[in-house]
Amino acid sequence: MNIFKLLAIAATLFFGAALGSASAQTLEADMRAAAGAYERKDMATAARIWKVWANKGDPEAETLLGAMYWSGDGVRRDHKEAARLYLLAANKGYARAQNDIGFMLAFGEGVPPRDDVEAYKWLTLAITRYTAKNQDRLDQAIKDKATLAKRMTPTQIGEAERRVRMWKPTKTP
């Protein structure tokens with residue numbers, strides 16, 4: 001291989017890594033900007049930014065936009081859209097989305113019919129993925145799962161636990 005081919009390969013690798021890094025920096029900057037807009041009650045800006053990244057498949061953006069649809073903050077209240085977005089992110093392994101879709105399924109929040117087995121699965125997965133920085137959400141997920149388990153049969157719990165063991169996250173783009 002001659003020197004020009006090596007230089008071309010090195011340049012391709014370097015600029016590819018730089019572009020990937022720039023994309024990650026753009027995502028991070030945009031997510032910070034959207035969160036800041038949300039905190040300032042500029043819901044239109046937050047929703048616009050999160051929609052862009054949700055459409056690109058980012059699980060955090062999908063979850064945060066889903067939360068806006070769930071509550072009706074800055075967008076029309078639409079629990080079906082919230083559930084759709086939560087499920088996209090939950091399938092990628094995003095703990096908050098797993099918790100949110102589990103809650104919706106367990107307590108009939110906009111996604112009829114209620115599905116205790118799927119709810120238990122999602123809450124269990126969320127509990128295993130939350131980190132210490134999300135202790136409040138973790139504690140609530142544990143309480144929600146305990147409440148849910150009280151109304152489930154051992155067969156239903158066994159099926160939910162089987163689904164947890166079989167679950168594999170989908171890849172993010």
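Helix H6 passes helix H8 in a right-handed crossing. The model is a predicted one. H6 covers residues 116-129 and H8 covers residues 154-166; their axes come within 8 Å and cross at roughly 50 degrees. Angles under 35 degrees count as roughly parallel and those from 65 to 115 as roughly perpendicular, and H6 and H8 are therefore oblique to each other. On the H6 side, the contact is formed by Val117, Glu118, Tyr120, Lys121, Thr124 and Leu125. These residues meet Gln156, Ile157, Glu159, Ala160, Glu161, Arg163 and Val164 in H8. By class, this contact of H6 with H8 comprises 6 nonpolar, 2 polar and 5 charged residues.

**Helix H3 and its partners**

Helix H2 (residues 43-55) packs against H3 at an angle of about 135 degrees, and the axes of the two helices are 8 Å apart. H2 and H3 are therefore oblique to each other, and their crossing is left-handed. H2 contributes Met43, Ala46, Ala47, Trp50, Lys51, Trp53 and Ala54 to the contact, while H3 contributes Ala61, Glu62, Leu64, Leu65, Met68 and Tyr69. The residues of this contact of H2 with H3 divide into 11 nonpolar, no polar and 2 charged.

H3 also packs against H5, at an angle of about 30 degrees and with the axes 10 Å apart. H3 and H5 are therefore roughly parallel to each other. The crossing in which H3 passes H5 is left-handed. Thr63, Leu64, Ala67 and Trp70 in H3 meet Arg96, Ala97, Asp100 and Met104 in H5. By class, the contact of H3 with H5 has 5 nonpolar, 1 polar and 2 charged residues.

| Helix pair | Angle | Axes |
|---|---|---|
| H6 and H8 | roughly 50 degrees | within 8 Å |
| H2 and H3 | about 135 degrees | 8 Å apart |
| H3 and H5 | about 30 degrees | 10 Å apart |

**Pockets**

Which helices each supply at least two residues of the lining of the largest pocket? They are H3 (59-71) and H5 (95-107). About 310 Å³ of space lies in this pocket. Its lining consists of Glu60, Leu64, Tyr94, Ala95, Arg96, Arg129, Tyr130, Thr131, Lys133, Asn134 and Arg137. By class, the lining of the largest pocket has 4 nonpolar, 2 polar and 5 charged residues. Leu64 and Arg96, which line the largest pocket, also take part in the contact of H3 with H5.

The second largest pocket has a volume of about 250 Å³. Ala67, Trp70, Tyr86, Arg96, Asn99, Asp100, Phe103, Met104, Arg137, Gln140 and Asp144 form its lining. At least two of the lining residues come from each of H3, H5 and helix H7 (135-150). H5 provides the largest share of the lining of the second largest pocket, with 5 residues. The residues lining the second largest pocket divide into 5 nonpolar, 2 polar and 4 charged. Among the lining residues of the second largest pocket are Ala67, Trp70, Asp100 and Met104, which also belong to the contact of H3 with H5.

Terms used. Residues numbered from 1 in each chain as written. Predicted model: local features only at pLDDT ≥ 70, side-chain atom pairs only at ≥ 80, totals over all residues. Heavy atoms only, no water. 1 Å grid on protein atoms, 1.4 Å probe; cavity = no way out; pocket = protein on both sides within 12 Å on 5 of 7 lines; lining within 4 Å. Points joined across faces, edges and corners; volume = space filled by probe spheres on them. Helix = DSSP H or I, 4+ residues; strand = E, 2+ residues; numbered from the N terminus. Nonpolar A, V, L, I, M, F, W, Y, C, P; charged D, E, K, R; others polar. Axes fitted to C-alpha atoms, helices over the stretch in contact; angles between N-to-C directions. Parallel < 35°, antiparallel > 145°, perpendicular 65-115°, else oblique. Left-handed = near helix turned anticlockwise from the far one by under 90°. Contact = heavy atoms within 4.5 Å.
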